[in-house]
Amino acid sequence: MLHTTHIDELARAAGFSAAGIAAVPEPGSAEDLEEQQRFAAWVEEGRAGEMEYLKRRDAAGRLVRSSVRVVLPWARSVIVCAANYHSGAPRSTDAAPEGAGWIARYAWTGNGKRPTDYHKVLLRRLDKLRDRLSQEAGPFESRCFVDTGPVVERVYARYAGIGWVGKNTCILNQELGSWLFLGVVVTSLEVAAPVALALAPDRCGSCTRCIDACPTGALTGERAMDANRCIAYLTIEKRGEIPEGLRAGIGRQVFGCDICQDVCPWNRRAPIAADPELAARRELVNPALEWLAGMDEAEFGQWFNGSPVRRAKWRGFRRNLAIAMGNSGLPRYLPQLREWSQDTDPAVAEAAAWAVGNLRRDKSGGERL
Ligand code: B12
Ligand code: SF4
Ligand code: SF4
């Protein structure tokens with residue numbers, strides 16, 4: 001049997017900022033989580049874009065993520081742990097130095113040039129928690145996941161009482177805000193108390209700041225998003241060309257997007273994390289587009305191997321940089337963009353050619369030069 005208060009204690013000792021437990025109901029039963037069922041509808045509506053891993057099915061044709069029990073039939077509970085990575089100002093929505101790009105806050109973590117991978121940091125802490133638990137509870141089945149497992153983590157975070165699902169779709173904790181990494185331990189242990197008691201009240205109220213601020217209209221207003229329109233999806237997950245109609249909205253974001261969290265009033269009062277493993281590399285805060293564009297592949301690797309930024313790959317990162325440069329209104333980027341417009345990677349070349357056209361149009365006051 002798992003008790004929430006005890007788990008919170010063990011999780012804090014392992015380095016987390018908050019933790020809780022949610023039961024895993026039988027799929028399709030009366031107790032099954034309504035929010036979990038929404039996942040399948042979301043995928044079927046085509047909201048997952050090209051994220052094929054979200055669409056994976058088992059041999060029986062069930063979506064692997066439609067229930068934790070599809071892959072882990074012994075699962076009875078999910079311990080959800082949250083680690084605060086809030087590194088304070090500036091916000092992506094603040095006035096920025098001319099020519100600065102924006103890399104999402106969650107990808108800032110590291111030590112000097114070396115990145116720390118939050119997946120590894122959290123997995124180590126989850127292992128520690130699990131070890132302590134098995135010393136007390138004896139043997140049980142378990143698996144630890146951060147991000148990549150067959151678990152819709154925010155659904156379980158909600159039922160574990162970590163926070164409510166905001167209109168920006170992020171888990172928001174009343175004290176900690178939403179700059180939280182989530183990690184889970186799926187276990188075969190039963191939960192001791194009724195889960196309903198743990199639910200955090202929804203504190204979005206009539207606020208719609210995140211929906212209003214999203215530059216690409218990705219938030220649908222039903223605590224869901226169309227990932228096809230989300231800048232985080234476009235700059236991290238999407239391969240190849242980014243649809244032209246969404247490029248202006250991308251603004252200066254070169255990897256991920258923090259806008260719908262930066263405008264959230266609950267993040268104004270969120271405490272700054274004092275976590276050396278998740279500290280910000282200051283060079284990545286408002287980085288000059290020229291500096292990033294001047295990196296060769298080896299330098300890109302030095303800065304980003306082991307960082308979430310690696311997921312975009314060097315070619316995706318340069319495609320994103322070209323779009324941000326094209327949005328900058330700064331003709332000094334034209335030589336770099338002209339060079340990239342001859343790149344062997346078609347998406348880099350196409351984005352750079354688009355950016356050249358954009359900057360030339362800006363320079364001529366609307367007329368193509
Ligand atoms: C795919 C994915 C993405 C996609 C899609 C995001 C999305 N909103 O669905 C993209 C690439 C866009 C993305 C972006 C980001 N991501 Co992401 N992502 C994931 C991943 C791997 C799966 C999420 C998923 O299944 N999405 C599908 C939808 C359907 O699920 P969902 O949003 O989780 O929604 C469910 C609940 O909201 C629930 N629900 C709960 N209550 C209610 C109430 C109502 C009325 C309704 C209708 C629904 C509902 O219903 C939904 C369906 O089941 C998770 C890790 C994981 N394994 O879960 C990380 C995760 C969600 N991402 C995370 C982060 C940090 C980010 C970014 C901040 C990164 C960045 N700065 O660029 C942005 C945030 C953008 C945003 N506003 O969500 C964190 C979120 C932490 C938190 N505090 O919430 C996670 C948990 C990773 C982690 N381990 O820390 N991400
Ligand atoms: S991360 Fe950016 S693009 Fe995605 S929903 Fe939030 S504000 Fe919109
Ligand atoms: S900005 Fe407002 S509506 Fe959006 S998540 Fe925060 S409190 Fe909720």
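Student: How far does a backbone N or O atom of Cys 257 lie from a nitrogen atom of ligand 1?
Tutor: The separation is 3.1 Å, where a polar contact is a pair of N or O atoms within 3.5 Å; within protein, one must be able to donate a hydrogen and the other to accept it, and residues adjacent in sequence count only if both atoms are side-chain atoms. Please note that this is a predicted model, in which local features need pLDDT of at least 70, side-chain atom pairs count only at pLDDT 80 or more, and totals for chains, interfaces and linings use all residues. Residues are numbered from 1 along each chain as its sequence is written, chains are lettered from A and ligands numbered from 1 in the order in which they are written, and side-chain values use heavy atoms, with hydrogens and water left out.

Student: Asn 168, then: is it buried or exposed?
Tutor: Asn 168 is buried, because its relative accessibility is 2%. Buried means under 20% relative accessible area, exposed over 50%, and partly exposed in between (1.4 Å probe, protein chains only). Asn 168 sits in the loop between β7 (164-165) and β8 (171-172), and its side chain reaches the backbone nitrogen of Cys 170 at 2.9 Å.

Student: What does Asn 168 touch beyond four places in sequence?
Tutor: Asn 168 touches Cys 210, Leu 219, Cys 260 and Gln 261, with contact meaning heavy atoms within 4.5 Å.

Student: Which residues surround ligand 3?
Tutor: Asn 168 is one of them, and the others include Lys 167, Cys 204, Arg 209 and Trp 266. Helices α6 (209-213) and α10 (265-268) each supply at least two residues of that shell.

Student: Changing topic, how many aromatic pairs are there?
Tutor: The count comes to 12. Rings of Phe, Tyr and Trp (its six-membered ring) pair if their centres lie within 6.5 Å; planes under 30 degrees apart count as stacked, over 60 as edge-to-face and the rest as tilted. Tyr 85 and Trp 179 form an edge-to-face pair, 6.0 Å centre to centre with 75° between the planes.

Student: Where do Tyr 85 and Trp 179 lie?
Tutor: Tyr 85 lies in the loop between β2 and β3 (102-103) and Trp 179 in the loop between β8 and β9, so the pair ties together parts that are 94 residues apart in sequence. Both Tyr 85 and Trp 179 are buried.

Student: Why is the pair of Trp 102 and Trp 108 edge-to-face?
Tutor: The ring centres of Trp 102 and Trp 108 are 5.3 Å apart and their planes are at 65°, so the pair is edge-to-face. Trp 102 and Trp 108 are buried.

Student: Which residues form the aromatic cluster with Tyr 85?
Tutor: Tyr 85 forms one aromatic cluster with Tyr 106, Tyr 118, Trp 179, Phe 181 and Phe 255.

Terms used:
Near = heavy atom within 4 Å. Helix = DSSP H or I, 4+ residues; strand = E, 2+ residues; numbered from the N terminus.
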